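User: Can you walk me through this model? I'd like the overall picture, then the side-chain details.

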Amino acid sequence: MVFWTVTALIAFSAALLLAIIIIRAREQGEPAAAYDLRVYRQQLREVDKDLARGVINGTDAERIRTEISRRILAADAQLQKRKSGRSQPRGLSLGFAVAAAVLITGGTLGLYWQLGAPGYGDLGLQDRIRLAGERAESRPSQAEAEAEVKPMEPPQVEEGYTKLVEQLRKTAGERKDDANGQALLAQHEANLGNFKAAYEAKANYIRLAEGKVNANDFSELAELKIMAAGGYVSPEAQADLQKARAIDPSHGPARYYWGLMLGQIGRPDLAYREWAETLRDGPAGSPWVIGIEGQIEEMAFRAGVKHQPVMPGGGAAPALPGPSAEEMSSASELSPEEQQEMIRGMVTRLSDRLATEGGSAEEWARLIGALSVLGETERARTVYDEARGAFEADADSLELLETIAAQSGLAE
């Protein structure tokens, strides 16, 4: 109510000022008769001076005074007539004034009603963080999102290719335990725009691959789900991204889609931070870098920050500790149980280092997310509480921790 009152008073004040100007009908400049009067009076004074110097005689002076006096009377009569007359009809002026007041006041309130957010209260930082957490927990599932997506027109392909894919479907259906067949099926279903069938086949491949999977596999699975949902990052796709990031924190596609997810749940500040770091890490020309470059300015605008253009790969801060290339190569050869144990070992080392040496908020957030993926919810909650105490004076770090906690189901 206070907002409406203040807005109405401002609009009414502006309308009233304009109405007064219209009614009074002020003109710029002065009438020509006023200038003539000043000239004639100056001429009278000059006649007296000329007479005193002997330039003219008394008869000529009297004659000149008479002529100037006549002109003064005529100019004064013209000036008085102009002052007493009206330059425009009073009724018409009043009508225009009232119409302008109604148009300005009503138009201002009407525009706000259409373009603004009537009844929408101010949102403080903590409220926005809380709403983002609620949105992350209550957003639509993969199936719900797919149900809302309009069917896409199938891509134009040769008839022979379609028949080959149909044969591949039949073969993959008969050999449900063939991981390579499922991988091929996922690839070709995606080529035909059948993203749901593609991610189902990709999920089967991951299940059958006997631990020979890496961050790219989980990232591709998440990407297929995102494409099937029309660009929306569902909770199921987010879980796949978390697995990819737990295996390889520097994986570009997973970082790109993670930033996209943060923007969708109402945290463009964290999304911009994620994308800016990914952009600096490069490499230039990679698909995820191109995707970020096309959207990061809009994300920066939503986050309320000024985007500072950087060259991909041009001097980013050192990447946070993650598995080395040798460790990733070894992981691809392990069984699912051994791979899970390897991840637990890396998480344990990170946890021990943070407990003894401390670390950045991003490292604490990574540990919380990794523990959540491993199913160690209570331990993740304990780490979250410890991290909040360590960064209680840093608002940005607290935002990051609270967001990862909400996404992991730890926030109250």
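**Side chains and helices**

Analyst: Let me start with one residue. Arg379 has a relative accessibility of 30%, so Arg379 counts as partly exposed. Keep in mind that this is a predicted model.

User: What does Arg379 pair with in a salt bridge?

Analyst: Its partner is Glu376, with N to O at 3.1 Å. Glu376 is partly exposed because its relative accessibility is 21%.

User: Step back a bit. How many helices and strands are there?

Analyst: The protein has 19 helices and zero strands.

User: And how much of the protein is buried?

Analyst: 35% of the 412 residues count as buried. The protein exposes about 24,700 Å². Carbon and sulfur atoms supply 55% of that area.

User: What share of the contacts is between residues 24 or more positions apart?

Analyst: 65%, counting contacts in the protein with a separation of 6 or more.

User: Back to charges. How many salt bridges does the structure hold?

Analyst: There are 16. In general, side chains of opposite charge can pair when their charged atoms come close. One of the bridges joins Arg53 and Asp50, at 2.6 Å from N to O.

User: How are Arg53 and Asp50 placed in helix α2?

Analyst: Arg53 and Asp50 are three residues apart in α2 (residues 32–53), so about one helical turn separates them. As background, an α-helix has 3.6 residues a turn, so residues three or four places apart point the same way.

User: Arg53, buried or exposed?

Analyst: Exposed, because Arg53 has 57% relative accessibility. Asp50 is at 21%, so Asp50 counts as partly exposed.

User: Which residue does Arg255 bridge to?

Analyst: Glu277, and the closest N and O atoms are 3.9 Å apart. Arg255 sits in helix α12 and Glu277 in helix α13, so the bridge ties together parts 22 residues apart in sequence.

User: How accessible is Arg255?

Analyst: Its relative accessible area is 7%, so Arg255 is buried. Glu277 is at 27% relative accessibility and therefore partly exposed.

User: Tell me about α12. How many of its residues are buried?

Analyst: 12 of its 13, so α12 is mostly covered because buried means under 20% relative accessible area. The buried residues include Gly252, Pro253, Trp258, Leu260 and Met261.

User: Which residue just after α12 has a positive phi?

Analyst: Gly266, with a phi of about 100°.

User: Aromatics now. How many aromatic pairs are there?

Analyst: Two. In the edge-to-face pair, the rings of Tyr256 and Tyr257 have centres 4.9 Å apart and planes at 65°. In the stacked pair, the rings of Tyr256 and Trp275 have centres 5.6 Å apart and planes at 10°.

User: Why is the Tyr256 and Trp275 pair called stacked?

Analyst: Because the planes are at 10°, and planes under 30 degrees apart count as stacked.

User: Where do Tyr256 and Trp275 lie?

Analyst: Tyr256 is in α12 (residues 252–264) and Trp275 is in α13 (residues 268–281). The pair links distant parts of the chain, 19 residues apart. Ring pairs link Tyr256, Tyr257 and Trp275 into a cluster.

User: New topic. What does Ser219 touch?

Analyst: Ala244, His251, Pro253 and Ala254, leaving out residues up to four places away in sequence. Ser219 is found in helix α10 (residues 215–228). Its relative accessible area is 2%, so Ser219 is buried.

User: Last one. Which residues form a nonpolar patch on the surface?

Analyst: Val2, Val6 and Ile10, with about 290 Å² of accessible area together. Val2 is in helix α1 (residues 2–24). Val2 counts as exposed because its relative accessibility is 64%.

Technical notes:
Residues are numbered from 1 along each chain as its sequence is written. This is a predicted model: local features need pLDDT of at least 70, side-chain atom pairs count only at pLDDT 80 or more; totals for chains, interfaces and linings use all residues. Side-chain values use heavy atoms; hydrogens and water are left out. Patches are made of residues with over 30% relative accessible area and no salt bridge: like charges are joined within 9 Å, nonpolar side chains (Val, Leu, Ile, Met, Phe, Trp, Tyr) within 5 Å. Accessible areas come from the Shrake-Rupley method with a 1.4 Å probe; for residues, only the protein chains shown count as cover. A salt bridge is a side-chain nitrogen of Lys or Arg within 4 Å of a carboxyl oxygen of Asp or Glu. Helices (H or I, at least four residues) and strands (E, at least two) are DSSP runs, numbered from the N terminus. Buried means under 20% relative accessible area, exposed over 50%, partly exposed in between (1.4 Å probe, protein chains only). Contact means heavy atoms within 4.5 Å. Rings of Phe, Tyr and Trp (its six-membered ring) pair if their centres lie within 6.5 Å; planes under 30 degrees apart count as stacked, over 60 as edge-to-face and the rest as tilted.
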